[in-house]
Amino acid sequence: MSALHVSRRQMLQISSLLLASTALPTLAAAQNLPKGGRLVVAADSEPKNLNPAIVASNGVFFIASKVIEPLAEASFDGKDGLEPRLATSWESASDGLSITFKLREGVTWHDGKPFTSADVAYCALNVWKPLQNLGRIVFANLTAVDTPDDLTAIFRFSKPTPIQLIRNALPVVSSVLPKHLYEGTDIATNSANVKLVGTGPFTFAEHKPGEYYRLARNENYWGKDQPHLDEIIFRVLPDRAAAAAALEAEEIQLAAFSAVPLADLDRISKVPGLKVISRGYEALTYQLVVDINHRRKELADQKVRQAIAHAIDKQFVIDTIFLGYASASTGPVPKNASEFYDADVPSYAFDVERANALLDEAGYKRSGDGTRFELKLRPAPYFNETRQFGDYLRQALAAIGIDAQIVNADSAAHQKAVYTDHDFDLAVAPPVFRGDPAISTTILVQSGIPAGVPFSNQGGYSNPALDAIISKASETIDSSERTKLYNEFQKIVATDLPLINVAEWGFISVASERVLDIADNPRWAVSNWASTALQP
Amino acid sequence: MKLIHKLIRTPEGIAGFVILAILIIISASASLIAPGDPLRIAGQALLAPFSDMNLPLGTDRLGRDVLAGIVHGARTSLFVGTAAALAAITLGLCVGLIAGLAGGLVDEILMRVVDAFQIVPGFLLALAFVSVMGASLPVVVIAIALGAWADPARLTRAQVRSIRERDYIAAARVIGMHPAEIAVRQILPQAVPPVLAVSATIVAAAILTEAALSFLGLGDPNTVTWGSMIAEGRNVLRSSPWLSIIPGIALVTTVIGVYLLSEGLAKALSGTHAALTPREGERS
Amino acid sequence: MKRSLRLVRRRLLASIPVLLIVITLTFVLLETAPGDAVDAYLLSIGGGDAAVADGLRRAYGLDQSLTARLWLYLTALARLDLGWSVAFERPVLALIAERLPNTLALMGSATALSFAIGSALGIVAGSKPESVKDRALSSISLILYSIPGFWLGLVLSLVLAVQLRWLPTSGIETIASGKTGLDRFIDIARHLVLPVSSLALIYTALFLRVMRAGMEEAWTLDFVLFARAKGLARSRIVLRHVARHAALPLITMLGLQAATMLGGSVVIESIFAIPGFGRLAHEAVAGRDAPLLMGIILVSAVLVIIVNLLVDLAQAALDPRIGASEASS
């Protein structure tokens, strides 16, 4: 999140800088952080399957990442943007056909058994590759994992596999499960999916459905003097307005993932004892996207898509819907993915006249009542902001003579309508950018994806040139070559507009000032919280 | 006419009549008071009431005019309330009439269906129905009507059964009147008034149910409703409480108006007996 | 006593076809829903391909026909097996058993509170119809009766929990507090104050009005006129004759409102984050969890039947004339 838009944004930047600067000295003297205490956190959902190796979603990671660790975690200043966790190093062979992981020594599972390369090999071949939604793409060409000793795992691929992709995907796809509890069982229904056993700083203590999850300190954690907290409790608060009230009443100490409505942040930032933090979500960028159904003849016309892009006042969206806690998008890769981001793409300024002119050119004249044609608009129901943007888009389209009728549905119905039945003209979607285009935005424009795959290109768009770039990038092992291909990809998408990228946003945490050392990595909310502490 | 005359002589009746008349006038002239789409973004977001005379009640999170929302929301509330009540009463009358007249197995089956709808909490049913069918105005109306038709049906059936034993019906049968004609011309007019007496409470319940559904995010997104305004305002309840309070007051006023009218109606119909018993129809 | 037993048996037998209708209608409703449990599940894990979806559908039996699934459900139900919740991966019965006590506590306290206060105020109002006291109470109750519970809940929690901090904002008890016995009871009671008040106020107004209306009517009845003519003390007439006469419709109303109250608790539970029946229903619908929604609707229907049965028994006990005719219809 680099762009500075409004004063509120600046204020936030400054406050997070201040936070960082006060956090640094405490990091240097980590022993001085208070020990013990119970951190109570708001959780807005209760995933039924908590296994992060199978379900790589933020809702699961939020809770499970404290118990089950990945090979490496995202980092602000580490090499390749990574910080070692269960792996201490990773190296790719020059032909791109193998990657060697050195593993951490002296790590034990919560049940006392030692952690070894056999666990990693088992997970890679039996869980990540066949069962995980993202692992299927990342490890598509994985054929074997050699374990010459207990602390070395060599991944072998049938085709050259870019280390860049593996690195970017590690925090998300590489959660390691204990082989001894899963081998020979049905992995999908194993009881350890709900009662997690891992190597992380916290052990899974209990789940009281509808009320809370309780995690307890792992006394034998490999991290020196970690964790600091005795307990973490995730209190189930599905109602967003309840989180702010609970924070103010000091019933909880932390609400992550914007559990406090954006509109309430201004006020809550003035409540003594509470702080508002926008750091810690840099690697969890959500993109606000208008999906387009190219089967509609009007929308198959590039001029109409450009007109729609010109009709959207991104600044209004940022300032009013996101209240400054977002930035405008230029294309399919967000700005804070600086490795891939390319600003040099066609842009579409807010210009109603130009939009109207484009529609006239395309041959869609206004009829007597000022309408050119009607559209069915389906805003995704998952976020307040996607719904509000739907309300706004309807108004923005009305200004250029397009009558959009909003169809609201709950999550399951929305999913079916858009991604299986294609019963939409425009849809508002919030896809996640997961650090590498190959596991995030390319699926939104690539052709040949069967109906029924959620969060993918279901608008009937097909562009052979774009498909070729995407498939070439998946096998290009040279990182700078691969990055160049994705720069090209961004240009084509921004020119042809298979979809319209409107904004990108991270989340906001609100915490009690007693909570120390938070937001210290770009995936903080879904990282292990080993260094987080609570002032008594 | 005589009934209206009697009605406006009761204090409750006149108060309810005035409240509802004002509401109907407001919703009828909604497009004059606040022209254009009420969901249009009209100005700066979160403007407090009375700070800008062009937007007298202020604006919401997206800068939409609160006054326009209230005025057009009145239209939605009254429409949903009356449409759902009308649908429920019509369905109830038909089912009750058929069950009461046919008797025997038909009666038995229909009444078991009525039982089924009566024992399932109406709001739970509406919630499930709207989530499943997708939120739109007609679906909301049907959902509310589904939870409300069982009482009028039971009431009608009881009426029909008592009426059909009366002498003049027997007489009509003897002179060879067609059963359908008897049903429509002789029995129906007698069976309707008691159902109408509880109709106002059905309207009030429908308005409240619609608000609760919208509050849970299950209203029609293309129309402004008071329930959705309250739900939206809830996110900023502490900093901009008026966003929830104003539509809340509008809602309460409307429901009070309906209840007052219903009390007045009941008094006018039967002397002094008050009838604020939403499910007055007795169960078998 | 024998008559009561007969009444119970008749009622229970009569409820079987009704419950069958409820089950079938719910099944059909869920069948027409766009999206199924697999769609909802894939969404929660952030995506998956068509092969996974087909595999899951087979595993859950969703690839079978509607009638086959309905038949399977009914045969399982005959063994008191409510099935397996797809969204929670747990038996439906266990889920319901876990959530039901919270809702029963909420509804039970709200009923008791509104019944006690409502009837007491109703007696005050009805003891002298058209008096100042009566008019004031009637007007206030009309206003209270018009306030939607969810709105009241919002305002109460804002003032009493967030601003004044007298009471907890949400939840059913202090989480993981380790409290037991009396301490825990007090803790739960404190958490219930706000939701119970939000739910009970509207019914307090209702019971007040029903009681008052019944009493107003009773004043004109012969036995009351006779008692007055005899010169009995007014307070004695009010309690012994008038109020007693008015109590019957009040109890009827209690039965009639059971279903409505259960519905009302859905919204209240969502505002106060109480893990109860209503919220479970919400989650079942969102997860397209047919067995769970079915179980919830079925159990709430059974609850309503039981409440009404109790009401009928109470009425039969209070007024011998009613029982006979009730039992025969």
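How much of residues 195-219 of chain B is helix, and how far apart are the end C-alpha atoms? The span is 80% helix and 0% strand, and its end C-alpha atoms lie 28 Å apart.

The model is a predicted one, in which local features need pLDDT of at least 70, side-chain atom pairs count only at pLDDT 80 or more, and totals for chains, interfaces and linings use all residues. Residues are numbered from 1 along each chain as its sequence is written, while chains are lettered from A and ligands numbered from 1 in the order in which they are written.

**Chain B**

Chain B has 13 helices and 0 strands. Helices here are DSSP runs of H or I with at least four residues, strands are runs of E with at least two, and both are numbered from the N terminus. The C-alpha trace of chain B spans about 75 × 45 × 30 Å along its principal axes.

An unreviewed UniProt entry lists "transmembrane region" for residues 12-33, 78-103, 123-149, 195-219 and 239-261 of chain B. An unreviewed UniProt entry also places "domain: ABC transmembrane type-1" at residues 74-262 of chain B. UniProt positions follow the numbering used here, feature names are shortened, and annotations may be inferred rather than shown by experiment. The table gives computed values for three of these spans.

| Span of chain B | Helix and strand | Distance between end C-alpha atoms |
|---|---|---|
| Residues 123-149 | 78% helix, 0% strand | 13 Å |
| Residues 195-219 | 80% helix, 0% strand | 28 Å |
| Residues 74-262 | 82% helix, 0% strand | 19 Å |

**Chain B against chain C**

The contact between these chains takes 38 residues from chain B and 43 residues from chain C. Two residues are in contact if their C-beta atoms, placed from the backbone, lie within 7 Å. On the chain B side, helices H5 (104-119), H6 (122-133), H11 (199-215), H12 (226-234) and H13 (242-270) each supply at least two residues. H6(B) gives the most to this side, with 8 residues. By class, the side of chain B that touches chain C has 25 nonpolar, 9 polar and 4 charged residues. Ala, Val, Leu, Ile, Met, Phe, Trp, Tyr, Cys and Pro count as nonpolar, Asp, Glu, Lys and Arg as charged, and the others, Gly among them, as polar.

H6(B) packs against H10(C) at an angle of about 50°, with the axes 6 Å apart. Axes are lines fitted to C-alpha atoms, for helices over the stretch in contact, and angles run from 0 to 180 degrees between N-to-C directions. H6(B) and H10(C) are therefore oblique to each other. Angles under 35 degrees count as roughly parallel, over 145 as roughly antiparallel, 65 to 115 as roughly perpendicular and the rest as oblique. H6(B) contributes Gly122(B), Phe123(B), Leu124(B) and Leu127(B) to this contact, and H10(C) contributes Ala259(C), Thr260(C), Gly263(C), Gly264(C) and Val266(C). These residues divide into 5 nonpolar, 4 polar and no charged.

**Chain C**

Chain C is divided into domain 1 (1-87 + 287-329) and domain 2 (104-275), with bounds from an automatic or database domain assignment. Their contact takes 10 residues from domain 1 of chain C and 8 residues from domain 2 of chain C. The domain 1 side has 6 nonpolar, 3 polar and 1 charged residues.

Helix H10 (residues 234-271) and helix H12 (residues 290-318) of chain C pack at an angle of about 175°, with their axes 9 Å apart. H10(C) and H12(C) are therefore roughly antiparallel to each other. Residues that meet here include Leu248(C), Ile251(C) and Ala259(C) in H10(C), and Ser300(C), Leu303(C) and Leu318(C) in H12(C). The residues of the contact of H10(C) with H12(C) divide into 12 nonpolar, 5 polar and no charged.

**Chain A**

Chain A is divided into domain 1 (8-67 + 200-282 + 508-534), domain 2 (72-182) and domain 3 (285-505). The C-alpha centres of domain 2 and domain 3 of chain A lie 34 Å apart. Their contact takes 13 residues from domain 2 of chain A and 10 residues from domain 3 of chain A. On the domain 2 side, helix H4 (135-138) and helix H5 (163-173) of chain A give two or more residues, and H5(A) gives the most, with 6 residues.

Chain A also has an open sheet of 7 strands in the order S8-S9-S10-S1-S11-S19-S12, with mixed pairing. Two strands pair if DSSP finds at least two bridges between them. The edge strands are S8 (202-208) and S12 (274-277) of chain A, each pairing on one side only. Strands S9 (residues 212-217) and S10 (residues 231-236) of chain A pair in the antiparallel sense over 5 bridges. Tyr212(A) has Arg235(A) in S10(A) as its bridge partner.
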